[in-house]
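Could you walk me through a few of the terms used for this model? I would like to see how each label is reached.

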Amino acid sequence: MLEVSRHRRQPSIELLERIGVVRENGNENEKMSLPPLMQYNPVSYDYVLVAKTRDHLVRETLKKQNEYIEELKKKNFKITKLIDEDLVFFGVTAPLEIFEKYRYLLKVSDACNWSSDQKNLSLSTRIRVVHFILNNTPIGTGESLRELMKTKVFEARFCLHEKMKQRDLTESWARWTACFQGQPINAVRDYFGEKVALYYLWLGWYTYMLIIPALIGVIVFLYGIAFFNTSPLIKEVCDSDLVMCPLCDKRCKVWLLSDTCTYAKVSLLFDNDGTVAFAMVMAVWATLFLEFWKRHRTSYVSQWKVSDWCEEEEELILEIVNNANCEPKKFQHSYLHSSLVLICVTLMILVIIGLTHALVVFRVIAAVQLAEGTSEFLSSHANSIAMMLGAVFHYLIITVMTRVNRIVAMKLCEIEKTRSFAATERSFTVKMFTFQFFTYFSSLFYVAFFLGRINGYPGHYVRIASKWRLEECHPSGCLTDLFIQMAIIMVLKQTISNVFEFSGPWFGKWIKRRRTKKLRRRCAHCYLKEESQFKNGVELCDNCKLRDWMNNYRLNDVDSFSLFKEFLEMVIQFSFTTIFVAAFPLAPLLALINNVIEIRLDAIKMVTLERRLVPKKTNDIGVWINLLEAIGVLAVIANGLVIGVSSDFIPRLVYRYHYGPCANGTVTDIDCMVGYINNSLSIATVDHQEIRREFSPSQLETPNGDNVTSCSYKDYRDSEDYALKPQFWFILAVRFAFVILFEHILVICKFIAAWFVPAAPMHVKNESLFDKLKRLKEELRSFEAQR
């Protein structure tokens, strides 16, 4: 009964197989398992180092190269040397005793004593062990392989792709025609390690969970379209004869509110009652997504036997395998270094916010120049065009700052002097995400919460450098400006990034292939050898080995942060999808479409266009889960503020029940929102001295040549002394009350959802319990047999 429970398929995995999120055999590991020693092929090459030939190296560099190779031979590594025209390839094969030490230390460790590597010596495990030893084998000068790579002692280093597994992954996963098929997560894990497998598992789960919010977002969008012809707000704008105040200082003239009929219709698509409900749904969805992801992850890490795996202990094991006399790297903390890093991070954030101010100035100047230009079309749509230009300029800033942020984050990690690479990776992730978040969202926060609220009023406009007026919101609301900004940035980011992400590695591979000579085709004898499976001692001829190694060398290089880039891109997208979703209900749909493509794009790139990533073991997605939870909390706050502060939902609600025709509850034959637009506008009298000083007489003429006596602008001010009306303060109080109520209700819902969904399925816990009991009984029987 215990054995049946041990190999039973997880119900959650079976469910996802049926709906197509993942695709697994279920028994593939059992079918492919072999006795421990049979998994080790003595002629397999765990790693390949590439260097220039003797003619291309100076004497000191060649000396370091030979010294490093000798250090490896002292550890009983087998080194196979093959020479091309101007390249030297060193095939590295580690001795069996290294892996036997590794397996024994896993068995006696506290946390890693039941990992899958204890029984199966796969090539991915060997690569990980050898990768660690190579990076921690110094030469006499104390230089490690990383330093030798920087000084061009070695040109490249990589682990080899396995032809048969690479072909299987390409057929079942890494191809465009598999876009709507499940992912073979277990096969990905066997080839690339748990870290890569968990990325694709998370990305697949995220994509699957986006289906519901994408459908709801489309419904909210269609809900806005349904009221195009019946909404009294649109009719009031389109049929209005109100004259609005000029939008700039010199050439801008008064304009008719009815001229912006189309803009009012677009505004209603993204600023209606449905967006409030959608924002609440998305806040709860973010919590449910994370909680169900934890359950989903637990099912797989339990199946992979890495639930209790510990990163620090694995590192100690590898240190001992590399050097039995090693000393552990001590944990250190410096308040001076931490303070310096904190100051630098703060300064960097201020620089990024300063770029946001530059973006605001650019939009203001662009709007003035367009409005004062000779083109009638550009003048009449100056604000909208300036907003679009600002979004494109923002994307360019993002592209440049991404590189700057990476450099700064790495320098700050060097100042911290972290204990291990894993700690460096965590620290770098937090810093890089923080910088990128401010780079992406600083401008959006300005548009959402400040645009049109600090621009002043006729006669007392707020100006930049006492010259350029700040932008104003449309009488229909400010939410459309936020939508335009988000839509352009999100579409540009996803389309352009995906194009470069795929075309860059493909073009790089093509260039390397053109620059290197074409080796002759593989001989038939070696081809049959490669097709044979599990034949110990079978080795390809030198020409065919060189051909394979050259093909791997031509692929695009990867580093330890290659997977980080993919995670960062998706977490930023998750931020777009949740934080300002009230202004852009179609964001989940765009994210869903992008992710379906992204999964195959990353798979094709990783399997066929890039060198093989070093397989790394883990049991979670690391610090990313903390960042996702922080984004979920921020989404509640931001969406509450967008609805309460940015949108016109609260002013409309107050008008409906307090100031509109239905306020006394007696009117039944008229829509309750009739007159809202007029109520939300204030009047500036031309005879007022400050208005005359603000606008020239030519600006106060209509297109028909009539002089106006007054003009309207969006605000709640008295027409005599321009003091704020009591209605403004009442609406402001309701806004803050709504934000507080909205956030408290959603935070409570998030806590309830987190409590209601256990982090691990009960059957997983029970199977782990029975598994531990069986192992303890086996150890007891082994102990009694030795007595």
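Q: What should I know before reading the values?
A: This is a predicted model, where local features need pLDDT of at least 70, side-chain atom pairs count only at pLDDT 80 or more, and totals for chains, interfaces and linings use all residues. Residues are numbered from 1 along each chain as its sequence is written, and side-chain values use heavy atoms, with hydrogens and water left out.

Q: Why is H23 called roughly parallel to H25?
A: Helix H23 (residues 562–579) and helix H25 (residues 624–646) pack at an angle of about 20 degrees, with their axes 9 Å apart. Angles under 35 degrees count as roughly parallel, so H23 is roughly parallel to H25.

Q: Which residues of H23 and H25 make the contact?
A: Contact means heavy atoms within 4.5 Å. Among them are Phe564, Phe567 and Leu568 of H23 and Trp624, Leu628 and Ile631 of H25. By class, the contact of H23 with H25 has 12 nonpolar, three polar and no charged residues.

Q: How do you know whether threonine 424 is buried or exposed?
A: Its relative accessible area is 17%. Buried means under 20%, exposed over 50%, and partly exposed in between (1.4 Å probe, protein chains only), so threonine 424 is buried.

Q: Where does threonine 424 lie, and what does threonine 424 touch?
A: Threonine 424 lies in helix H19 (residues 421–449). Not counting residues up to four places away in sequence, threonine 424 touches Cys413 and Thr418.

Q: How many of the chain's residues are buried?
A: Of the 787 residues in the chain, 53% are buried.

Conventions:
Axes are lines fitted to C-alpha atoms, for helices over the stretch in contact, and angles run from 0 to 180 degrees between N-to-C directions. Helices (H or I, at least four residues) and strands (E, at least two) are DSSP runs, numbered from the N terminus. Angles under 35 degrees count as roughly parallel, over 145 as roughly antiparallel, 65 to 115 as roughly perpendicular and the rest as oblique. Ala, Val, Leu, Ile, Met, Phe, Trp, Tyr, Cys and Pro count as nonpolar, Asp, Glu, Lys and Arg as charged, and the others, Gly among them, as polar.
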